[in-house]
Amino acid sequence: MVTSPQIATSNALIPSHLPRNLTAIFIGATNGIGETTLREFARFTKRLAPNVIFVGRAQEAGERIARECKSLNADGEFTFLKADVGLLKGVDEGTLQTGVETEEGPSKIIAFRGHGASMATLTMEHLAKQYPNVSFIHDFPGPVKSGIARGPGVGMMIMRFMGSILGPMMNIPLEESGRRHVYLCTSARYPPKAEDKSSAVPLGEGLLIAKGTDALVGSGVYTVDEHLESGDEKVDAVLASLRREGMTEKVWKDAESEFVRITGKTKIQVG
Ligand SMILES: NC(=O)c1ccc[n+]([C@@H]2O[C@H](COP(=O)([O-])OP(=O)(O)OC[C@H]3O[C@@H](n4cnc5c(N)ncnc54)[C@H](OP(=O)(O)O)[C@@H]3O)[C@@H](O)[C@H]2O)c1
């Protein structure tokens, strides 16, 4: 477990270990965990003049958050990009498919519901092979009081009701979750597979480099819980069995065929 004081110490060291003018992209940062992580990132990168791009659908919230971040970090650039990442046609605005049912037709990723989390991890493993100098972290944030249940419908109403009863006992405060996510993005605890030439905040006392999804230390893809600890042996075993079944390739092939069906291309050049 990485404790709150360890996270606070590490985040406070960000200005002395990360480069000036670093670029950060946040997908889904107009509410909840993404918004709070963005705001905490702005707070902790004050002297670094970061160039931040963040994505969401809510224009008004995006503009408000950009202003708030600028007031927290006057040297930073905070650019809101309005895009629906549930649609592949939003991809050329700098985003990726999320796998929900959309006007472009039901994404086949829906078929994997229930296995969704493992499939996301396997997709990261596939991408990590192509980009070994990038570190991939699939994290479970734990219960966080956010805007996740703000939508219409009975399901959301039930979620809000359950949240109002159980939330006070279980919820991780939103700001704490934001600080944890800033830590995940900046700490040397989760290095990429390739020799790590990037900047990161060094491990603090008593902390070790995390175990990757292939059960090897520092192997570039991590699945972590709300305490920022890697999955246990059971998680390793499930992932190993899915890999043996060739699921990594199947998931990627499936996603790629959806890409081609909707866009007519296998890749979209961003920027
Ligand atoms: N809160 C929890 O307890 C909890 C627990 C486990 C996992 N999670 C996961 O953590 C993630 C963040 O959750 P949250 O609680 O912070 O939710 P949230 O408050 O609903 O925030 C979701 C963010 O994603 C954006 N977004 C959603 N759909 C989008 C789309 N199609 N295109 C572009 N942006 C989109 C929303 O912005 P717009 O509305 O502006 O588009 C918003 O900024 C989710 O993946 C959730 O499943 C949360």
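Predicted model: local features only at pLDDT ≥ 70, side-chain atom pairs only at ≥ 80, totals over all residues.
## Overall fold

The chain holds 9 helices and 5 strands; here helices are DSSP runs of H or I with at least four residues, strands are E runs of at least two, and both are numbered from the N terminus.

Residue numbers start from 1 along each chain as its sequence is written.

## Packing and contacts

Of the 271 residues in the chain, 30% are buried. A buried residue has 20 or more other C-beta atoms within 10 Å of its own, an exposed one has 12 or fewer, and a partly exposed one falls in between, with C-beta atoms placed from the backbone.

Now take the contacts between residues at least 6 apart in sequence: 67% of them join residues at least 24 apart. Contact here means that the two C-beta atoms, placed from the backbone, lie within 7 Å.

## Around the ligand

The ligand has 24 residues around it, and Gly28, Gly32, Gly56, Arg57 and Ser146 come nearest. To count as near, a residue needs its C-beta atom, placed from the backbone, within 6 Å of the molecule. Two elements give two or more residues to this shell: helix H3 (32–44) and strand E2 (51–56). H3 gives the most, with 4 residues.

What is the make-up of the shell by class? There are 11 nonpolar, 10 polar and 3 charged residues. In this scheme Ala, Val, Leu, Ile, Met, Phe, Trp, Tyr, Cys and Pro are nonpolar, Asp, Glu, Lys and Arg are charged, and the others, Gly among them, are polar.

## Backbone points to check out

Ala49 is a residue other than glycine with a positive phi, near 45°. Ala49 sits in the loop between H3 and E2, and with 14 other C-beta atoms within 10 Å it is partly exposed.

Ala215 is not a glycine either, yet its phi is positive at about 75°. Its place is the loop between helix H7 (174–186) and strand E5 (221–224). Ala215 has 15 C-beta neighbours inside 10 Å, so it counts as partly exposed.

## Helix H9

After H9 comes Gly264, with a positive phi near 80°.
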